[in-house]
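Subject: Structure for you to look at

Hello,

Here is the structure I said I would pass on. Please open it first, then read the notes below.

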Amino acid sequence: MTWPIIVAVAAVLLAPLVGGLLRGLDRKITARLQGRIGPPVVQPFYDFGKLVGKSRVVSSKASMAWAWSYFLLTLTAFTLFFMGQDLLVVFLILAFAGGSLAFGALSARSPYARFGANRELLQILACEPILLLAAVAVYFQTGKFTVCSILEANQPLLPYLPLVFVAVLIVLGIKMRKSPFDIAASEHAHQELVRGVYTEYSGRFLALMELTHWYKIVLLLAFIALFWAQPLWVGVLIALGAYFLELWLDNIAARLRWSWMLGVSWSLGVGFVVVNLVLLSVVV
Amino acid sequence: MGFLARARVKSPWILHYCTGGCNGCDIEILACLTPLYDVERFGILNIGNPKHADILMITGPVNWRSRHVLRNLYEQTPDPKVVIAIGVCAATGGVFHNCYNVLGGVDKVVPVDVYVRGCAARPEAIIDGVVMALQKLEAKKSGGVSYAAGAR
(Lines give C-alpha, C1' and ligand atoms only; values in the text may rest on other atoms or scores of the structure.)
Protein backbone atom coordinates (compact mmCIF):
# COMPACT_ATOMS: atom_id res chain seq x y z
CA MET A 1 0.00 0.00 0.00
CA THR A 2 2.97 2.34 0.46
CA TRP A 3 4.16 2.31 -3.18
CA PRO A 4 1.03 3.87 -4.70
CA ILE A 5 1.20 6.65 -2.11
CA ILE A 6 4.86 7.36 -2.90
CA VAL A 7 4.10 7.42 -6.64
CA ALA A 8 1.12 9.73 -6.10
CA VAL A 9 3.09 12.17 -3.91
CA ALA A 10 5.95 12.24 -6.43
CA ALA A 11 3.46 12.83 -9.26
CA VAL A 12 1.74 15.67 -7.39
CA LEU A 13 5.11 17.33 -6.77
CA LEU A 14 6.49 16.83 -10.29
CA ALA A 15 3.35 17.52 -12.34
CA PRO A 16 3.53 21.36 -12.15
CA LEU A 17 7.11 21.14 -13.43
CA VAL A 18 6.18 18.83 -16.31
CA GLY A 19 2.96 20.71 -17.10
CA GLY A 20 4.70 24.09 -17.10
CA LEU A 21 7.50 22.86 -19.34
CA LEU A 22 4.99 21.29 -21.74
CA ARG A 23 3.17 24.64 -21.91
CA GLY A 24 6.49 26.39 -22.53
CA LEU A 25 7.32 23.98 -25.33
CA ASP A 26 3.84 24.57 -26.70
CA ARG A 27 4.39 28.34 -26.86
CA LYS A 28 7.84 27.93 -28.38
CA ILE A 29 6.66 25.48 -31.04
CA THR A 30 3.58 27.55 -31.83
CA ALA A 31 5.80 30.60 -32.32
CA ARG A 32 8.13 28.65 -34.61
CA LEU A 33 5.19 27.39 -36.66
CA GLN A 34 4.13 31.02 -37.07
CA GLY A 35 7.63 32.11 -38.14
CA ARG A 36 8.47 33.78 -34.80
CA ILE A 37 11.23 33.13 -32.28
CA GLY A 38 8.91 32.74 -29.33
CA PRO A 39 9.37 33.07 -25.56
CA PRO A 40 11.85 30.98 -23.53
CA VAL A 41 10.67 27.50 -22.58
CA VAL A 42 10.40 28.49 -18.90
CA GLN A 43 8.04 31.38 -19.75
CA PRO A 44 4.98 29.75 -18.08
CA PHE A 45 6.86 29.78 -14.75
CA TYR A 46 7.62 33.49 -15.15
CA ASP A 47 3.95 34.11 -15.91
CA PHE A 48 2.99 32.08 -12.84
CA GLY A 49 5.42 33.98 -10.59
CA LYS A 50 4.24 37.32 -11.94
CA LEU A 51 0.58 36.45 -11.32
CA VAL A 52 1.34 35.35 -7.74
CA GLY A 53 2.95 38.73 -7.09
CA LYS A 54 0.00 40.81 -8.32
CA SER A 55 -2.35 42.52 -5.90
CA ARG A 56 -5.60 40.78 -4.97
CA VAL A 57 -8.68 41.84 -6.88
CA VAL A 58 -11.77 39.84 -5.99
CA SER A 59 -14.91 40.23 -8.10
CA SER A 60 -17.01 37.85 -6.05
CA LYS A 61 -16.11 35.77 -3.01
CA ALA A 62 -18.12 32.81 -4.25
CA SER A 63 -16.16 32.59 -7.48
CA MET A 64 -12.92 32.46 -5.47
CA ALA A 65 -14.33 29.56 -3.40
CA TRP A 66 -15.21 27.78 -6.65
CA ALA A 67 -11.69 28.44 -7.91
CA TRP A 68 -10.29 26.59 -4.90
CA SER A 69 -12.82 23.82 -5.46
CA TYR A 70 -11.66 23.56 -9.09
CA PHE A 71 -8.06 23.21 -7.94
CA LEU A 72 -8.69 20.77 -5.07
CA LEU A 73 -11.04 18.51 -7.05
CA THR A 74 -8.59 18.31 -9.94
CA LEU A 75 -5.82 17.55 -7.48
CA THR A 76 -7.97 14.82 -5.91
CA ALA A 77 -8.66 13.24 -9.28
CA PHE A 78 -4.97 13.50 -10.11
CA THR A 79 -3.88 11.85 -6.85
CA LEU A 80 -6.44 9.05 -7.19
CA PHE A 81 -5.28 8.37 -10.74
CA PHE A 82 -1.63 8.08 -9.74
CA MET A 83 -2.56 5.87 -6.79
CA GLY A 84 -3.93 3.45 -9.37
CA GLN A 85 -7.56 3.89 -8.39
CA ASP A 86 -10.87 3.66 -10.25
CA LEU A 87 -10.99 5.50 -13.58
CA LEU A 88 -14.74 6.14 -13.30
CA VAL A 89 -14.23 8.00 -10.01
CA VAL A 90 -11.32 9.98 -11.47
CA PHE A 91 -13.36 11.10 -14.49
CA LEU A 92 -16.44 11.98 -12.46
CA ILE A 93 -14.38 14.10 -10.04
CA LEU A 94 -12.70 15.74 -13.02
CA ALA A 95 -16.11 16.57 -14.48
CA PHE A 96 -17.20 18.19 -11.21
CA ALA A 97 -13.94 20.14 -11.16
CA GLY A 98 -14.81 21.51 -14.61
CA GLY A 99 -18.28 22.30 -13.29
CA SER A 100 -16.70 24.26 -10.42
CA LEU A 101 -14.83 26.39 -12.93
CA ALA A 102 -18.09 27.16 -14.73
CA PHE A 103 -19.99 27.90 -11.48
CA GLY A 104 -17.16 30.19 -10.40
CA ALA A 105 -17.48 32.14 -13.63
CA LEU A 106 -21.26 32.28 -13.19
CA SER A 107 -20.90 33.67 -9.64
CA ALA A 108 -19.40 36.94 -10.89
CA ARG A 109 -21.78 39.26 -12.69
CA SER A 110 -19.79 39.42 -15.89
CA PRO A 111 -21.38 38.79 -19.28
CA TYR A 112 -18.09 37.48 -20.69
CA ALA A 113 -17.51 35.05 -17.83
CA ARG A 114 -21.14 33.94 -18.16
CA PHE A 115 -20.70 33.07 -21.82
CA GLY A 116 -17.47 31.31 -20.97
CA ALA A 117 -19.20 29.31 -18.22
CA ASN A 118 -22.00 28.19 -20.52
CA ARG A 119 -19.46 27.06 -23.05
CA GLU A 120 -17.38 25.31 -20.39
CA LEU A 121 -20.49 23.32 -19.40
CA LEU A 122 -20.99 22.41 -23.07
CA GLN A 123 -17.37 21.27 -23.23
CA ILE A 124 -17.95 19.01 -20.22
CA LEU A 125 -21.04 17.69 -21.98
CA ALA A 126 -18.88 16.91 -25.01
CA CYS A 127 -16.03 15.23 -23.08
CA GLU A 128 -17.70 13.21 -20.37
CA PRO A 129 -19.52 10.56 -22.45
CA ILE A 130 -16.27 9.72 -24.24
CA LEU A 131 -14.21 9.53 -21.05
CA LEU A 132 -16.76 7.40 -19.20
CA LEU A 133 -17.16 5.06 -22.18
CA ALA A 134 -13.37 4.86 -22.43
CA ALA A 135 -13.35 3.64 -18.83
CA VAL A 136 -15.96 1.05 -19.81
CA ALA A 137 -13.70 -0.01 -22.69
CA VAL A 138 -10.87 -0.46 -20.20
CA TYR A 139 -13.23 -2.67 -18.18
CA PHE A 140 -14.03 -4.75 -21.29
CA GLN A 141 -10.33 -5.33 -21.84
CA THR A 142 -8.98 -5.82 -18.32
CA GLY A 143 -12.06 -6.79 -16.30
CA LYS A 144 -11.59 -3.87 -13.90
CA PHE A 145 -12.02 -0.10 -13.95
CA THR A 146 -8.78 0.63 -12.11
CA VAL A 147 -5.54 2.13 -13.37
CA CYS A 148 -3.68 -0.70 -11.59
CA SER A 149 -5.46 -3.31 -13.70
CA ILE A 150 -4.13 -1.66 -16.89
CA LEU A 151 -0.60 -1.62 -15.53
CA GLU A 152 -0.85 -5.27 -14.50
CA ALA A 153 -2.37 -6.44 -17.80
CA ASN A 154 -0.32 -8.70 -20.08
CA GLN A 155 -0.69 -6.77 -23.32
CA PRO A 156 -1.10 -3.08 -24.22
CA LEU A 157 -4.57 -1.61 -24.76
CA LEU A 158 -3.93 0.23 -28.01
CA PRO A 159 -4.12 -2.74 -30.43
CA TYR A 160 -7.52 -3.63 -28.95
CA LEU A 161 -8.86 -0.12 -28.43
CA PRO A 162 -7.59 1.96 -31.40
CA LEU A 163 -10.89 3.77 -31.97
CA VAL A 164 -11.21 4.59 -28.26
CA PHE A 165 -7.74 6.11 -28.50
CA VAL A 166 -8.86 8.38 -31.35
CA ALA A 167 -11.91 9.45 -29.33
CA VAL A 168 -9.70 10.25 -26.32
CA LEU A 169 -7.56 12.44 -28.61
CA ILE A 170 -10.67 14.53 -29.31
CA VAL A 171 -11.16 14.89 -25.54
CA LEU A 172 -7.51 15.92 -25.15
CA GLY A 173 -8.06 18.74 -27.64
CA ILE A 174 -11.15 19.95 -25.80
CA LYS A 175 -9.54 19.77 -22.36
CA MET A 176 -6.34 21.44 -23.57
CA ARG A 177 -8.46 24.33 -24.90
CA LYS A 178 -6.86 24.06 -28.32
CA SER A 179 -8.33 25.01 -31.68
CA PRO A 180 -10.70 23.88 -33.07
CA PHE A 181 -12.14 23.35 -29.58
CA ASP A 182 -10.97 26.49 -27.70
CA ILE A 183 -14.54 27.54 -27.07
CA ALA A 184 -14.83 28.38 -23.35
CA ALA A 185 -11.39 30.00 -23.26
CA SER A 186 -8.29 29.61 -25.32
CA GLU A 187 -5.05 28.30 -23.84
CA HIS A 188 -3.33 31.15 -25.67
CA ALA A 189 -4.07 34.78 -24.96
CA HIS A 190 -6.59 34.95 -27.80
CA GLN A 191 -9.36 37.40 -27.25
CA GLU A 192 -12.55 35.46 -27.90
CA LEU A 193 -15.07 36.80 -25.33
CA VAL A 194 -12.26 38.66 -23.51
CA ARG A 195 -10.94 35.54 -21.76
CA GLY A 196 -14.01 33.32 -21.40
CA VAL A 197 -14.26 31.48 -18.06
CA TYR A 198 -11.01 33.08 -16.84
CA THR A 199 -12.25 36.67 -17.34
CA GLU A 200 -13.05 37.41 -13.69
CA TYR A 201 -9.96 35.79 -12.19
CA SER A 202 -6.81 37.82 -11.76
CA GLY A 203 -3.53 37.68 -9.89
CA ARG A 204 -2.97 34.62 -7.74
CA PHE A 205 -6.35 33.11 -8.60
CA LEU A 206 -5.42 33.16 -12.27
CA ALA A 207 -2.14 31.53 -11.24
CA LEU A 208 -4.21 28.86 -9.44
CA MET A 209 -6.22 28.31 -12.64
CA GLU A 210 -3.00 27.91 -14.59
CA LEU A 211 -1.60 25.43 -12.05
CA THR A 212 -4.82 23.42 -12.18
CA HIS A 213 -4.63 23.41 -15.96
CA TRP A 214 -1.11 21.94 -15.76
CA TYR A 215 -2.33 19.16 -13.48
CA LYS A 216 -5.21 18.45 -15.86
CA ILE A 217 -2.95 18.22 -18.91
CA VAL A 218 -0.54 15.87 -17.15
CA LEU A 219 -3.45 13.72 -15.94
CA LEU A 220 -4.91 13.39 -19.45
CA LEU A 221 -1.51 12.68 -21.00
CA ALA A 222 -0.91 10.03 -18.32
CA PHE A 223 -4.26 8.45 -19.25
CA ILE A 224 -3.19 8.42 -22.91
CA ALA A 225 0.14 6.87 -21.90
CA LEU A 226 -1.81 4.00 -20.29
CA PHE A 227 -2.88 2.89 -23.77
CA TRP A 228 0.57 1.31 -24.09
CA ALA A 229 1.62 0.37 -20.58
CA GLN A 230 3.79 -2.67 -21.49
CA PRO A 231 6.41 -1.15 -21.38
CA LEU A 232 5.25 2.24 -20.11
CA TRP A 233 7.90 4.34 -21.87
CA VAL A 234 6.27 3.55 -25.23
CA GLY A 235 3.03 4.94 -23.78
CA VAL A 236 4.82 8.10 -22.62
CA LEU A 237 6.18 8.59 -26.15
CA ILE A 238 2.68 8.08 -27.57
CA ALA A 239 1.31 10.67 -25.11
CA LEU A 240 3.97 13.18 -26.12
CA GLY A 241 3.18 12.45 -29.78
CA ALA A 242 -0.51 13.13 -29.05
CA TYR A 243 0.44 16.42 -27.36
CA PHE A 244 2.41 17.61 -30.37
CA LEU A 245 -0.36 16.47 -32.70
CA GLU A 246 -2.70 18.80 -30.76
CA LEU A 247 -0.21 21.69 -31.14
CA TRP A 248 -0.08 21.13 -34.87
CA LEU A 249 -3.87 20.93 -35.12
CA ASP A 250 -4.13 24.12 -33.03
CA ASN A 251 -2.05 25.99 -35.57
CA ILE A 252 -3.85 24.81 -38.69
CA ALA A 253 -7.43 24.83 -37.44
CA ALA A 254 -9.89 27.64 -36.84
CA ARG A 255 -12.21 27.72 -33.83
CA LEU A 256 -15.40 25.68 -34.25
CA ARG A 257 -18.81 26.65 -32.97
CA TRP A 258 -19.98 24.82 -29.86
CA SER A 259 -22.62 22.99 -31.88
CA TRP A 260 -19.88 21.64 -34.15
CA MET A 261 -17.88 20.55 -31.11
CA LEU A 262 -20.86 18.64 -29.71
CA GLY A 263 -21.52 17.16 -33.13
CA VAL A 264 -17.94 15.95 -33.54
CA SER A 265 -17.56 14.58 -30.04
CA TRP A 266 -20.97 12.93 -29.83
CA SER A 267 -21.10 11.46 -33.33
CA LEU A 268 -17.45 10.70 -34.09
CA GLY A 269 -16.15 10.41 -30.53
CA VAL A 270 -18.91 8.37 -28.94
CA GLY A 271 -19.46 6.55 -32.23
CA PHE A 272 -15.82 5.41 -32.35
CA VAL A 273 -15.92 4.16 -28.76
CA VAL A 274 -19.19 2.26 -29.28
CA VAL A 275 -17.99 0.67 -32.53
CA ASN A 276 -14.78 -0.34 -30.76
CA LEU A 277 -16.75 -1.89 -27.90
CA VAL A 278 -19.02 -3.79 -30.29
CA LEU A 279 -16.06 -5.09 -32.30
CA LEU A 280 -14.31 -6.08 -29.09
CA SER A 281 -17.29 -8.10 -27.84
CA VAL A 282 -18.00 -9.72 -31.25
CA VAL A 283 -14.50 -10.47 -32.55
CA VAL A 284 -12.41 -11.19 -29.47
CA MET B 1 16.91 39.60 -8.01
CA GLY B 2 14.40 37.14 -6.56
CA PHE B 3 12.28 34.91 -8.71
CA LEU B 4 9.11 36.98 -8.23
CA ALA B 5 10.85 40.24 -9.15
CA ARG B 6 12.45 38.58 -12.15
CA ALA B 7 9.12 37.07 -13.20
CA ARG B 8 7.47 40.49 -13.11
CA VAL B 9 9.97 41.85 -15.62
CA LYS B 10 9.91 38.74 -17.79
CA SER B 11 6.15 38.50 -18.17
CA PRO B 12 4.49 41.84 -18.98
CA TRP B 13 0.99 41.42 -20.33
CA ILE B 14 -0.32 44.35 -22.28
CA LEU B 15 -3.78 45.83 -22.56
CA HIS B 16 -4.13 48.12 -25.53
CA TYR B 17 -6.84 50.78 -25.75
CA CYS B 18 -7.45 53.53 -28.29
CA THR B 19 -9.10 56.63 -26.82
CA GLY B 20 -10.13 58.12 -30.14
CA GLY B 21 -7.08 58.66 -32.34
CA CYS B 22 -6.60 57.72 -35.98
CA ASN B 23 -5.60 54.07 -35.25
CA GLY B 24 -2.14 54.61 -36.75
CA CYS B 25 -0.42 53.91 -33.43
CA ASP B 26 -2.71 50.93 -32.81
CA ILE B 27 -1.56 49.37 -36.04
CA GLU B 28 2.05 49.93 -34.98
CA ILE B 29 1.38 48.28 -31.59
CA LEU B 30 -0.09 45.26 -33.32
CA ALA B 31 2.89 45.25 -35.71
CA CYS B 32 5.05 44.52 -32.64
CA LEU B 33 3.34 41.12 -32.36
CA THR B 34 4.15 40.07 -35.92
CA PRO B 35 7.09 37.77 -36.81
CA LEU B 36 9.25 40.81 -37.70
CA TYR B 37 9.30 42.24 -34.16
CA ASP B 38 7.84 39.28 -32.18
CA VAL B 39 7.57 40.80 -28.71
CA GLU B 40 6.47 37.44 -27.31
CA ARG B 41 10.24 36.73 -27.22
CA PHE B 42 10.25 38.89 -24.08
CA GLY B 43 7.12 37.24 -22.67
CA ILE B 44 4.96 40.16 -23.79
CA LEU B 45 1.39 39.13 -24.54
CA ASN B 46 -1.38 41.29 -25.92
CA ILE B 47 -4.23 40.44 -23.60
CA GLY B 48 -7.83 41.59 -23.95
CA ASN B 49 -8.65 41.76 -20.25
CA PRO B 50 -7.65 44.62 -17.92
CA LYS B 51 -7.80 42.24 -14.95
CA HIS B 52 -4.92 40.22 -16.41
CA ALA B 53 -2.84 43.18 -17.64
CA ASP B 54 0.35 44.71 -16.24
CA ILE B 55 0.94 47.42 -18.82
CA LEU B 56 -1.73 49.71 -20.25
CA MET B 57 -0.83 50.95 -23.72
CA ILE B 58 -3.03 53.93 -24.46
CA THR B 59 -3.23 55.70 -27.80
CA GLY B 60 -5.29 58.69 -28.90
CA PRO B 61 -6.03 62.14 -27.42
CA VAL B 62 -8.79 60.95 -25.00
CA ASN B 63 -12.19 62.35 -25.85
CA TRP B 64 -14.99 63.07 -23.40
CA ARG B 65 -16.61 59.69 -23.98
CA SER B 66 -13.54 57.48 -23.82
CA ARG B 67 -12.19 59.02 -20.60
CA HIS B 68 -14.73 57.02 -18.57
CA VAL B 69 -13.65 53.81 -20.26
CA LEU B 70 -9.99 54.70 -19.74
CA ARG B 71 -10.55 55.42 -16.03
CA ASN B 72 -12.47 52.17 -15.71
CA LEU B 73 -9.74 50.12 -17.40
CA TYR B 74 -7.09 51.74 -15.22
CA GLU B 75 -8.99 50.94 -12.04
CA GLN B 76 -9.67 47.35 -13.10
CA THR B 77 -5.98 46.63 -13.67
CA PRO B 78 -4.44 45.14 -10.52
CA ASP B 79 -1.22 46.65 -9.09
CA PRO B 80 1.65 46.80 -9.88
CA LYS B 81 0.86 48.38 -13.23
CA VAL B 82 2.32 51.00 -15.55
CA VAL B 83 0.72 53.20 -18.19
CA ILE B 84 2.39 53.96 -21.52
CA ALA B 85 1.02 56.81 -23.61
CA ILE B 86 1.77 55.97 -27.25
CA GLY B 87 2.09 58.67 -29.88
CA VAL B 88 1.86 62.45 -29.72
CA CYS B 89 -1.95 62.38 -29.43
CA ALA B 90 -1.69 60.42 -26.20
CA ALA B 91 0.98 62.82 -24.93
CA THR B 92 -0.50 66.23 -25.76
CA GLY B 93 -3.44 65.76 -28.06
CA GLY B 94 -1.28 65.98 -31.21
CA VAL B 95 -3.21 67.11 -34.25
CA PHE B 96 -6.35 67.21 -32.12
CA HIS B 97 -4.78 69.76 -29.76
CA ASN B 98 -7.33 72.24 -28.39
CA CYS B 99 -10.23 70.56 -30.17
CA TYR B 100 -13.47 71.01 -28.23
CA ASN B 101 -14.10 67.27 -28.06
CA VAL B 102 -10.79 66.04 -26.60
CA LEU B 103 -9.05 66.36 -23.25
CA GLY B 104 -5.64 66.38 -24.94
CA GLY B 105 -3.54 63.62 -23.45
CA VAL B 106 -3.83 60.44 -21.42
CA ASP B 107 -2.30 62.14 -18.35
CA LYS B 108 -5.41 64.28 -18.00
CA VAL B 109 -7.24 61.16 -16.82
CA VAL B 110 -4.77 58.61 -15.43
CA PRO B 111 -1.13 58.90 -14.29
CA VAL B 112 1.24 58.09 -17.16
CA ASP B 113 4.65 56.46 -16.58
CA VAL B 114 6.19 56.46 -20.05
CA TYR B 115 5.52 58.62 -23.10
CA VAL B 116 6.42 57.21 -26.52
CA ARG B 117 6.72 59.92 -29.16
CA GLY B 118 5.91 59.65 -32.84
CA CYS B 119 3.04 60.08 -35.24
CA ALA B 120 2.63 57.24 -35.60
CA ALA B 121 5.05 55.80 -33.03
CA ARG B 122 7.41 53.27 -34.61
CA PRO B 123 7.38 49.67 -33.34
CA GLU B 124 11.03 50.02 -32.24
CA ALA B 125 10.10 53.06 -30.17
CA ILE B 126 7.16 51.21 -28.66
CA ILE B 127 9.38 48.27 -27.66
CA ASP B 128 11.84 50.78 -26.13
CA GLY B 129 8.94 52.30 -24.21
CA VAL B 130 7.96 48.90 -22.85
CA VAL B 131 11.54 48.27 -21.68
CA MET B 132 11.52 51.62 -19.82
CA ALA B 133 8.11 50.80 -18.39
CA LEU B 134 9.43 47.49 -17.08
CA GLN B 135 12.22 49.26 -15.19
CA LYS B 136 9.60 51.51 -13.70
CA LEU B 137 7.37 48.57 -12.85
CA GLU B 138 10.17 47.02 -10.83
CA ALA B 139 10.94 50.31 -9.11
CA LYS B 140 7.26 50.73 -8.25
CA LYS B 141 7.03 47.37 -6.54
CA SER B 142 10.11 48.10 -4.46
CA GLY B 143 8.65 51.46 -3.46
CA GLY B 144 11.07 53.54 -5.59
CA VAL B 145 8.31 55.49 -7.33
CA SER B 146 5.51 57.34 -5.62
CA TYR B 147 2.97 59.83 -6.85
CA ALA B 148 2.32 63.19 -5.18
CA ALA B 149 -0.98 63.53 -3.33
CA GLY B 150 -3.70 64.58 -5.75
CA ALA B 151 -1.95 63.10 -8.77
CA ARG B 152 -4.50 62.19 -11.37
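How many residues of chain A are in contact with chain B, and with how many residues there? In this predicted model, 25 residues of chain A touch 20 residues of chain B. On the chain A side, the elements that supply two or more residues are helix 2 (43-52) and helix 8 (203-225). Helix 2 of chain A gives the largest share, six residues. By type, this side of chain A has nine nonpolar, 11 polar and five charged residues.

Helix 8 of chain A also packs against another helix of its chain. Its axis and that of helix 7 (residues 162-175) of chain A come within 11 Å and cross at roughly 170°. Angles over 145 degrees count as roughly antiparallel, so helix 7 and helix 8 of chain A are roughly antiparallel to each other. Helix 7 of chain A contributes Val168(A), Leu172(A) and Lys175(A) to the contact, and helix 8 of chain A contributes Lys216(A), Leu220(A) and Ile224(A). Four of these residues are nonpolar, none is polar and two are charged.

Now the sheet. Chain B has an open sheet of five strands in the order 2-1-3-4-5, with parallel pairing. Strand 2 (45-46) and strand 5 (114-116) of chain B are at the edges; each has a single partner strand, so one side of each has no neighbour in the sheet. Strand 1 (residues 13-18) and strand 3 (residues 55-59) of chain B pair in the parallel sense over five bridges. Cys18(B) stands opposite Thr59(B) in strand 3 of chain B.

Regards

Technical notes
Residues are numbered from 1 along each chain as its sequence is written. Chains are lettered from A and ligands numbered from 1 in the order in which they are written. This is a predicted model: local features need pLDDT of at least 70, side-chain atom pairs count only at pLDDT 80 or more; totals for chains, interfaces and linings use all residues. Two residues are in contact if their C-beta atoms, placed from the backbone, lie within 7 Å. Helices (H or I, at least four residues) and strands (E, at least two) are DSSP runs, numbered from the N terminus. Ala, Val, Leu, Ile, Met, Phe, Trp, Tyr, Cys and Pro count as nonpolar, Asp, Glu, Lys and Arg as charged, and the others, Gly among them, as polar. Two strands pair if DSSP finds at least two bridges between them. Axes are lines fitted to C-alpha atoms, for helices over the stretch in contact, and angles run from 0 to 180 degrees between N-to-C directions. Angles under 35 degrees count as roughly parallel, over 145 as roughly antiparallel, 65 to 115 as roughly perpendicular and the rest as oblique.
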